[in-house]
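Please read the points alongside the coordinates.

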Amino acid sequence: MTASLTCNDLFFAWPDGDVLFDGLSFAAGPARSGLVGRNGTGKSTLLRLIAGRLTPQRGSIRVSGELGYLPQDLTLDTSLRVDAALGIAAVRQAIAAIESGDASERNFAVIGDDWDVEERAEALLGKLGLGAIELDRSVGELSGGETILLGLATELLRRPDVLLLDEPTNNLDLRARRQLYDAVDTFRGALLVVSHDRELLDRVDQIGELRKGDLTWYGGNLTAYEEAVAIEQEAAERMMRSAESDVRRQKRELIEARTKIDRRQAGGRRAFESGSIPKMAAGALKRSSQVSAGKHLGMHSERLEAAQDALAEAEEKVHDDDHIRVDLPATAIPNGRVALRLRQLELRTGLSANLEIRGPERIALTGPNGAGKSTLLHAIADQSLPLVPYRLLPQRLDLLQDELSIADNLAELAPGTDNNDRRARLARFLFRGRAADQPVRTLSGGERFRATLAALLLAEPPPQLLMLDEPTNNLDLASIAQLRDALASYEGALLIASHDLPFLREIGITRWLAIDDNELTEIGPR
């Protein structure tokens with residue numbers, strides 16, 4: 001059976017009436033497919049519908065063969081053993097019982113054809129870089145990245161024909177990401193992966209863009225998709241400019257037509273009043289003029305309406321993924337000035353850190369999960385160790401007060417600015433007009449990140465050292481681009497802990513550091 005999944009005429013709405021999909025239909029065959037789109041467009045929800053975790057109000061979903069699903073919010077019972085998490089504990093016990101002499105029919109029924117399941121499980125764990133993990137070990141002893149890879153191993157062990165992955169590289173270190181990339185490369189069924197990981201999406205065969213409830217497919221990987229979308233957007237923007245020009249022309253012609261008719265009718269009234277036209281003839285001319293004027297104005301009105309419809313259609317084709325454009329000269333730090341100097345900073349992890357950051361350096365902090373990257377950033381911030389004004393953007397976006405609006409949060413952080421100035425600054429971070437009055441608790445994940453970033457960069461005093469902890473986790477591609485735009489305008493020093501190598505390369509990292517085995521060392525460019 002050829003691996004495939006088909007969704008037909010899906011309708012799904014949340015309990016509050018918010019419609020997410022209305023008539024969504026698509027098919028995906030035995031290929032690696034990436035699914036992209038802005039946060040909130042329904043990518044994870046679509047995977048949950050396919051996996052049967054949610055039920056559509058209308059439509060059908062058909063999956064050929066075995067289905068595997070690795071959710072974004074994977075949680076495993078920490079009290080389980082690894083073999084239980086893999087779903088093979090009962091088979092292992094039955095095999096052990098038979099080898100001990102208990103050749104009961106029940107044990108054979110439990111095993112079925114899975115006599116080699118332990119060998120397959122160990123081989124798969126080894127392939128995913130988990131070869132050192134024993135099947136009798138507790139899940140609670142595993143790191144977060146190991147837990148995600150174990151979840152992937154659980155799905156792959158079932159030999160799925162269709163595999164759904166939802167942001168699988170979130171919180172994975174570089175080593176674990178490479179193991180997952182290899183697993184994706186060798187999967188031969190129908191794969192549908194939601195991700196913002198550029199390296200992962202550059203390994204797929206096609207990209208599906210989810211936007212406003214519709215799914216559009218593009219052949220090729222993420223790079224090919226972005227090139228195709230750029231060409232489409234150039235054409236769409238030309239069409240929109242042409243449609244705007246046509247609307248202006250039709251409005252002008254309608255005004256001119258009305259002006260000519262008004263002048264003609266005014267001339268007719270003056271002629272009648274002067275007595276140069278008999279009353280009966282004047283009445284006939286007036287009726288004829290009104291009919292002609294009505295037809296003429298109707299023609300121009302129809303042309304204007306058609307031009308406005310064409311403009312609306314053109315505007316629909318132009319993406320609204322706005323880019324942040326902001327000047328931050330107050331964050332500048334003189335070249336060579338010391339922003340941070342650490343001498344034998346002792347961390348609870350056992351690391352003794354020595355580090356000096358000068359001028360507008362851009363430093364990447366890498367290393368495996370659990371090495372102490374976040375611990376180091378928080379120690380620097382908590383102990384107020386920087387020698388210049390600084391800010392830390394943590395992984396948990398809990399810096400803003402949920403009940404306050406975005407504008408009021410900024411007022412708390414920059415009390416010396418007036419309301420108009422704050423709103424003008426927030427507009428550059430795409431919070432325009434009433435958007436700045438939204439309570440923080442109502443924001444989406446991407447909006448919350450952008451609001452937090454705006455508040456940090458616009459705070460007083462302006463930060464000359466900005467520390468970011470895994471900033472691209474849980475951001476969609478458009479939000480990552482917005483972060484990249486903001487950092488392009490930042491003139492201070494950067495210290496960023498991240499596993500996202502493409503992002504780090506794009507923002508112009510000047511130094512690369514790594515924490516491993518409780519040592520902080522300088523490494524070459526990655």
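1. In this predicted model, helix α5 passes helix α6 in a right-handed crossing (right-handed if the near helix is turned clockwise from the far one by less than a right angle, left-handed if anticlockwise). Helices (H or I, at least four residues) and strands (E, at least two) are DSSP runs numbered from the N terminus. Residues are numbered from 1 along each chain as its sequence is written, and side-chain values use heavy atoms, with hydrogens and water left out. Because the model is predicted, local features need pLDDT of at least 70 and side-chain atom pairs count only at pLDDT 80 or more, whereas totals for chains, interfaces and linings use all residues.

2. Helix α5 covers residues 117–127 and helix α6 residues 144–157; their axes lie 10 Å apart and the packing angle is about 135 degrees. The pair is therefore oblique (under 35 degrees is roughly parallel, over 145 roughly antiparallel, 65 to 115 roughly perpendicular, and the rest oblique). Axes are lines fitted to C-alpha atoms, for helices over the stretch in contact, and angles run from 0 to 180 degrees between N-to-C directions.

3. On the α5 side, Arg 120, Ala 121, Leu 124 and Leu 125 meet Leu 150, Ala 153, Leu 156 and Leu 157 of α6 (contact means heavy atoms within 4.5 Å). Classified by residue, this contact holds seven nonpolar, no polar and one charged residues. Here Ala, Val, Leu, Ile, Met, Phe, Trp, Tyr, Cys and Pro count as nonpolar, Asp, Glu, Lys and Arg as charged, and the others, Gly among them, as polar.

4. Gly 446, Phe 449, Arg 450, Leu 453 and Leu 457 of α14 meet Ser 479, Gln 482, Leu 483 and Ala 486 of α15. The classes in this contact are five nonpolar, three polar and one charged.

5. Three strands form an open sheet in the order β2-β1-β4, with antiparallel pairing (two strands pair if DSSP finds at least two bridges between them). Strands β2 (19–28) and β4 (58–63) are at the edges with a single partner strand each, so one side of each has no neighbour in the sheet. Neighbouring strands are turned by 15 degrees against each other on average, direction ignored.

6. Seven bridges join β1 (residues 5–13) to β2 in the antiparallel sense, and Phe 11 stands opposite Asp 22 in β2. Helix α1 (residues 43–51) packs on this sheet, touching β1, β2 and β4, and its direction makes about 65 degrees with that of β2.

7. The open six-stranded sheet has the order β5-β6-β7-β3-β8-β9 and mixed pairing. Its edges are β5 (67–70) and β9 (214–219); each has a single partner strand, so one side of each is left without a neighbour in the sheet. The twist from one strand to the next averages 20 degrees.

8. Strands β5 and β6 (residues 162–166) run parallel and are joined by four bridges, with Gly 68 opposite Leu 163 in β6. Helix α1 packs on this sheet, touching β3 (32–36), β5, β6, β7 (190–194) and β8 (206–211), at about 145 degrees to the direction of β6. Helix α6 also packs on the sheet, touching β5 and β6, and its direction makes about 175 degrees with that of β5.
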